[in-house]
Amino acid sequence: MVNRMQAGVKIGGFVVGLAAMFGVAFAVGSAAAPPDSKTAAPKPTVTPTSDGMAGHGETEPAGEAEAEGEGHGDDGHGGAAEAATYVSGLAATEAGFTLVPAQTTLTRGPAVPFTFTVTGPTGKPVTEYTKSHEKDLHLIVVRRDLSGFQHVHPTRAADGSWSVDLDLRTAGSWRVFADFKPTATGETTTLGTDVTVAGDFRPVPLPAVTPKSTLEGYDVSIAGHAVAGEESTLTFTLAKNGKQLADLQPYLGAFGHLVSLRASDLAYLHTHPAEEAHAGDTGGPAIEFATTFPTPGTYRLFLDFQHAGQVHTAEFTVEVTK
Ligand SMILES: [Cu+2]
């Protein structure tokens, strides 16, 4: 990991390209190598709600998210342990790519213009991206105390600069993650940096661990047992006004998008259900994710889902065990 970053920064695109190849090879190997662990009877899960696991009906092996989420972090000589502990989003520069905000101090407000570029190994802004979940770049923004989460899609100008309005109604230090796949490497890359909003900062304590989240008339429950370093299946069950939802809509090619942030340092994981969702499909009430949390500890989970034409985000605090 460290080696790859240094090589990428110092030597540039060729080494990055090689790293990408190793990364892909490892991802394929990691998805294919331990079939036994995937097809073996699932270990018993702790189910915080009585009906949480009922009727999810998911039979697809949940391998894709793991391959996509982990493989890119390995440089070919780390092995499974390193892949399992790889985390992204902690650095503003990685593999020759750098997230460069146009301004690091922003005003407070509900729609604050924010502009940035992603520069590549040559130092110039990247202009060629490969879409992932229907977008060239996903921007995740959250205050460092994990309040104020937002997942937005900036627009790119011809010069490669990205712009979007952010909801920055509260003062403090905000973390900005750019999640994208440069065409040059084909590797999913997540860069993170901080911007500051001036004003009276009032820290929000992290909400307690609970199996339910209520938002905008929706009740979302989480079931499953998150164990560090191994693929953990988390199942979210969605209801509105006491009735389970069977008409979830695809949002950016999936019935749900899950961003998990480690509370201690905001390390970033982004996972999707194994099954893709296409326009016109309906889903629910359960959405299942296979996520590999790198370490034990407290994480904040943000589940984006779409229902009746609106995107909502359910939030959970989860304790990942050893
Ligand atoms: Cu997105």
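## Close-up views of a predicted model

Phe-316 is buried, at 1% relative accessible area (buried means under 20%, exposed over 50% and partly exposed in between, with a 1.4 Å probe and protein chains only). This is a predicted model in which local features need pLDDT of at least 70 and side-chain atom pairs count only at pLDDT 80 or more, while totals for chains, interfaces and linings use all residues. Residues are numbered from 1 along each chain as its sequence is written, and side-chain values use heavy atoms, with hydrogens and water left out.

View A. A search of the whole structure turns up 11 aromatic pairs (rings of Phe, Tyr and Trp, the last by its six-membered ring, pair if their centres lie within 6.5 Å; planes under 30 degrees apart count as stacked, over 60 as edge-to-face and the rest as tilted). Here, Phe-177 and Tyr-268 make a tilted pair, with 4.9 Å from centre to centre and 35° between the planes. Phe-177 sits in strand S9 (residues 172–180) and Tyr-268 in strand S17 (residues 268–271), so this pair links distant parts of the chain, 91 residues apart (strands are DSSP runs of E, at least two residues, and helices are runs of H or I, at least four, numbered from the N terminus). Phe-177 is buried at 0% relative accessibility, and Tyr-268 is buried too, at 3%.

**View B. Phe-236 meets Phe-316.** These two rings form a tilted pair, 5.4 Å centre to centre with 50° between the planes. Because Phe-236 lies in strand S13 (residues 231–240) and Phe-316 in strand S20 (residues 310–320), the pair ties together parts 80 residues apart in sequence. Phe-236 counts as buried, at 0% relative accessibility.

**View C. Around the largest nonpolar core.** A nonpolar core is a set of buried Ala, Val, Leu, Ile, Met, Phe, Trp, Tyr and Cys residues joined through side-chain atoms within 4.5 Å. The largest one has 26 residues, of which Val-220, Phe-236, Leu-301, Leu-303 and Phe-305 touch the most other members. Elements giving two or more residues to this core are strands S12 (218–223), S13, S18 (286–292), S19 (297–307) and S20. Apart from it lies another core of 25 residues, among them Ala-95, Val-126, Leu-137 and Trp-162.

**View D. Ala-91 in its loop.** Look for Ala-91 between helix H5 (79–85) and strand S1 (93–94). Ala-91 counts as buried, at 18% relative accessibility. The C-alpha atoms of Ala-91 and Leu-191 are separated by 5.7 Å, although these residues are 100 residues apart along the chain.
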